[in-house]
Amino acid sequence: MFRYVFASAAAALMLGGCATTATTSQQRDGDTAALLSRMLAGESEVQGAALERELAEAEKYPLGSAENPVRAEMPPGQRRYLATLRCQDLKAPQFERAGSAGISRYGNIMDVYIVTCPGSEPERSEIYLDMYHRGHVETRAVPGFGIMAGRSGN
């Protein structure tokens with residue numbers, strides 16, 4: 001997990017270097033430090049009323065899409081969520097992290113997972129997840145999948 005968080009922190013540092021030239025080095029460093037602090041704490045960049053507005057907008061899109069990523073708490077939360085999904089044959093899908101997929105509507109680095117159902121449907125899906133939502137456990141299934149009640153281990 002620490003390797004994953006370190007990689008995310010490194011990505012945030014690189015993103016911090018993309019600020020406009022109008023910002024000073026001090027402002028950029030302060031913004032990057034604040035972003036890293038929130039990320040390491042598993043907190044979303046967008047919070048409060050702004051988060052509620054983004055959640056309402058996200059509902060216009062399928063859960064698990066880039067426009068409406070599944071919210072989870074850090075990498076273990078992502079894996080727990082994916083482990084609760086079920087293919088049409090009621091078996092657990094296979095999943096593998098494909099990498100980072102840019103910035104989510106919540107201002108965080110988003111991951112994409114390739115999810116497959118060998119011998120069943122959906123055969124292959126890309127599911128987008130945003131792991132910076134401390135305490136959030138998604139209970140809805142992404143389209144094409146069922147979901148087990150309760151929480152799975154992992």
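A salt bridge, as the word is used here, is a side-chain nitrogen of Lys or Arg within 4 Å of a carboxyl oxygen of Asp or Glu. Welcome to this predicted model, where local features need pLDDT of at least 70, side-chain atom pairs count only at pLDDT 80 or more, and totals for chains, interfaces and linings use all residues. Residues are numbered from 1 along each chain as its sequence is written, and side-chain values use heavy atoms, leaving out hydrogens and water.

The salt-bridge count comes to 6.

| Pair | Closest N to O |
|---|---|
| Arg-97 and Asp-111 | 3.0 Å |
| Glu-126 and Arg-124 | 3.7 Å |

Glu-54 sits in helix H3 (residues 48–58) and Arg-105 in the loop between S3 and S4, 51 residues apart. Helices (H or I, at least four residues) and strands (E, at least two) are DSSP runs, numbered from the N terminus.

How accessible is Asp-111? Asp-111 is buried, at 2% relative accessible area, while Arg-97 is partly exposed at 32%. Here buried means under 20% relative accessible area, exposed over 50%, and partly exposed in between (1.4 Å probe, protein chains only). Arg-124 is exposed at 52%, and Glu-126 is partly exposed at 41%. Elsewhere, a network of salt bridges links Glu-59, Glu-138 and Arg-140.

There is also 1 disulfide, a term for a pair of cysteine sulfur atoms within 2.5 Å. Cys-87 and Cys-117 form this link, with their sulfur atoms 2.0 Å apart. The two cysteines lie 30 residues apart in the chain, and both are buried. Their link is left-handed, with -85 degrees about the S-S bond.
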